[in-house]
Amino acid sequence: MSPDSLAISTPLIALVGNPNAGKTTLFNALTGSHQKVGNYPGVTVEKVTGRATRGGTEMDFLDVPGMYSLDPVSEDERVAVEALLGVGQDARKPDLVICVIDATNLERNLYMFAQIAGLRVPCLVALTMVDRVTASGQSVDLNLLSSLVGVQVVPIVGHKDRGIDELFEAIAVALHDKPVPSLSRPSEAAPEPVDLHRIGEDVSARFEWSSQVSNAVIRRAEGIAKRSTTDKIDSILTNRVFGFVIFVAFMYVVFQSIYTFSKPIQDGITAGFGKVSNFLSPHLAGVPALRSLVTDGIIGGVGGVLVFLPQIVILFFFIAVLEGTGYLARAAFLMDRLLGWCGLNGRAFIPLLSSFACAIPGIMSARVMPDPKSRLATIMVAPLMSCSARLPVYIVVIGTLIEPKYGAFWAGFTLFAMHFLGLLVAIPVVYIFNRKIFRGTRLPFLLELPPYQWPKWRDVWIAMYIRARIFVQTAGTIIVAMSVVIWALSYFPHGSTADRTRWEEEIRANHDLPDSTVEQFVEQRQLANSVLGRFGKAIEPAFVPLGFDWRITTSILAAFPARETVVPSMGILFSLGAGQEGESKILQHAMADAKWPDGRPLFNLATSIGLMVFFALCAQCFSTLATVRRETNSVKWPVVMFVYMTALAYIGALIVQLGFRWFG
């Protein structure tokens with residue numbers, strides 16, 4: 001049997017359902033995958049496949065974006081409908097559809113099931129959130145529900161793996177029997193069959209049927225319904241005034257915690273890389289170029305980035321917890337009022353939030369936007385959100401000047417402000433794009449607010465692990481390669497012994513300096529004469545108005561392929577030959593001691609803030625631009641993004657510099 005025929009013989013099972021119904025959690029439970037799970041719609045924006053084996057039978061499972069009906073209104077819903085119908089290049093029509101239905105929102109979920117029934121495809125129902133229904137004092141008549149939908153209904157609690165074995169058994173039977181839904185309407189005598197053609201075409205008929213079935217199968221507790229805990233909390237957290245204040249306070253606590261909690265772990269990582277460097281340095285003393293490559297290029301580059309891993313892990317811990325509790329859905333509701341001013345609605349908050357992790361999934365998440373103009377406007381501002389790759393730059397600069405002079409409080413506040421800056425700038429920018437260029441219209445905003453719950457810690461750890469793995473893989477590939485390239489450009493042409501002796505004599509003739517300081521001046525002279533130094537000095541005049549010298553300028557340009565390389569670049573440019581007691585500390589000390597040729601400190605408050613503002617607003621990520629090209633199917637928009645964000649970054653840093661000169 002050929003590989004192609006083997007693949008075709010493996011049954012394909014699609015999981016479909018409304019957003020936030022628990023599809024991805026169930027998909028992970030069935031396949032052992034580690035897909036991202038969030039407590040708001042828009043987390044899944046592409047179809048994802050996984051394989052499971054039960055009883056010697058292999059099965060392919062397909063997880064698609066959530067949808068409210070088979071009439072798509074956004075790009076992600078179109079992806080889901082096409083996957084369900086088997087439309088598209090190399091697409092297969094599923095052999096079985098598992099309709100994931102949320103028991104706490106039965107009426108709305110059954111509305112879409114009525115449409116699926118009209119397709120006459122083999123189906124099963126996985127009924128999720130049954131534990132929540134039970135906790136509210138209600139119950140679901142599973143036998144009656146199964147008879148009214150015409151297929152087997154299996155109750156599931158996906159995050160606790162309850163009902164998974166039963167669902168696998170039902171899948172095995174369904175793959176053999178091919179059960180097709182036959183809808184019935186509840187009545188006092190006997191269920192009345194429903195015309196599938198009519199209910200598939202008539203919206204009001206679907207609403208009527210789903211309402212009747214929901215009322216019939218939900219056994220409600222007697223007595224007066226009490227106001228739920230979720231409603232009580234929402235009266236505060238979604239308040240027009242207090243809700244937004246609390247949201248900002250939450251975000252401030254998050255970023256203050258990132259800076260505070262990560263310090264001990266960072267110090268341990270720094271000490272570890274310092275010991276490795278100190279151990280290797282004497283063994284390579286006979287080959288100066290190799291010693292410099294290993295200690296300054298590779299260890300300095302990778303160690304200078306991995307030291308920021310604790311902050312990234314802590315950031316995603318907080319984001320995953322807020323997602324898991326259901327709070328971020330409320331944040332989208334709050335942001336709807338703010339985004340409405342520029343022509344978007346709260347759905348845009350989902351891709352913007354995703355961009356705080358990385359702009360690439362954020363841009364892809366813009367598929368949840370219901371019209372092309374709003375989607376394009378959201379794509380164009382998503383990279384303004386401060387992704388995790390910018391975090392190391394903020395930490396280095398804050399640790400160099402802000403914390404030593406102003407303390408931990410202002411250090412945490414600065415980190416919060418840099419992350420909030422992108423969102424503040426995005427509002428007027430998207431206004432210009434949406435109102436003046438695309439001339440889009442604001443569409444109504446519909447968002448389900450899930451009940452508050454304790455986060456699923458397995459999903460929290462998965463989210464942290466995925467981001468940490470991506471960051472480490474980047475450090476092990478792109479950063480190593482770029483660090484070696486930057487080291488080579490900064491090391492060659494290397495001055496001969498005679499050249500270095502002459503430089504040392506010139507320095508001693510003009511200055512009375514200790515030997516260690518003279519050595520630093522010699523290294524700076526070597527760096528200035530290197531290929532990288534000469535290039536940086538050639539373009540330095542364009543960045544001098546921002547307060548950037550040739551070393552900062554060169555670091556910025558070296559980071560355009562990927563922001564992650566800026567810290568290794570700065571480590572090589574500022575601290576080459578400075579010692580090996582710890583790469584992060586070396587860099588911060590070297591930056592603090594760096595001076596202009598006339599002796600002025602390079603990193604004053606204006607330059608430090610201007611550099612962070614530049615990185616907060618600049619489009620320094622080739623992968624992001626490539627994603628924009630793919631999502632828009634045009635070269636025009638990534639070019640526009642690169643030009644406008646680079647100009648915005650330059651102007652922002654210039655405004656900071658001029659502001660300090662005029663008012664500082």
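Author: In this predicted model, Phe-244 and Phe-247 are three residues apart in helix H11 (residues 242–261), so about one helical turn separates them. A pair of aromatic rings is described by the distance of the centres and the angle of the planes. By the rule used here, the count comes to 17 aromatic pairs. For Phe-244 and Phe-247 the ring centres are 6.3 Å apart and the planes stand at 45°, so this pair is tilted.

Another pair is made by Phe-250 and Tyr-327, and here the arrangement is edge-to-face, with 5.0 Å from centre to centre and 75° between the planes. Since Phe-250 lies in helix H11 and Tyr-327 lies in helix H15 (residues 327–340), this pair ties together parts that are 77 residues apart in sequence. Phe-250 counts as partly exposed, at 35% relative accessibility, while Tyr-327 is buried, with a relative accessible area of 3%.

Elsewhere, ring pairs link Phe-409, Trp-410, Phe-413, Phe-416 and Phe-420 into a cluster. A ring can also have a charge placed over it, as with Tyr-452, where the charged end of Arg-330 sits over the ring, 4.1 Å from its centre.

Definitions and conventions. Residues are numbered from 1 along each chain as its sequence is written. This is a predicted model: local features need pLDDT of at least 70, side-chain atom pairs count only at pLDDT 80 or more; totals for chains, interfaces and linings use all residues. Side-chain values use heavy atoms; hydrogens and water are left out. Rings of Phe, Tyr and Trp (its six-membered ring) pair if their centres lie within 6.5 Å; planes under 30 degrees apart count as stacked, over 60 as edge-to-face and the rest as tilted. Helices (H or I, at least four residues) and strands (E, at least two) are DSSP runs, numbered from the N terminus. Buried means under 20% relative accessible area, exposed over 50%, partly exposed in between (1.4 Å probe, protein chains only). A charge sits over a ring if NZ of Lys or CZ of Arg is within 6 Å of the ring centre and within 35 degrees of the ring normal.
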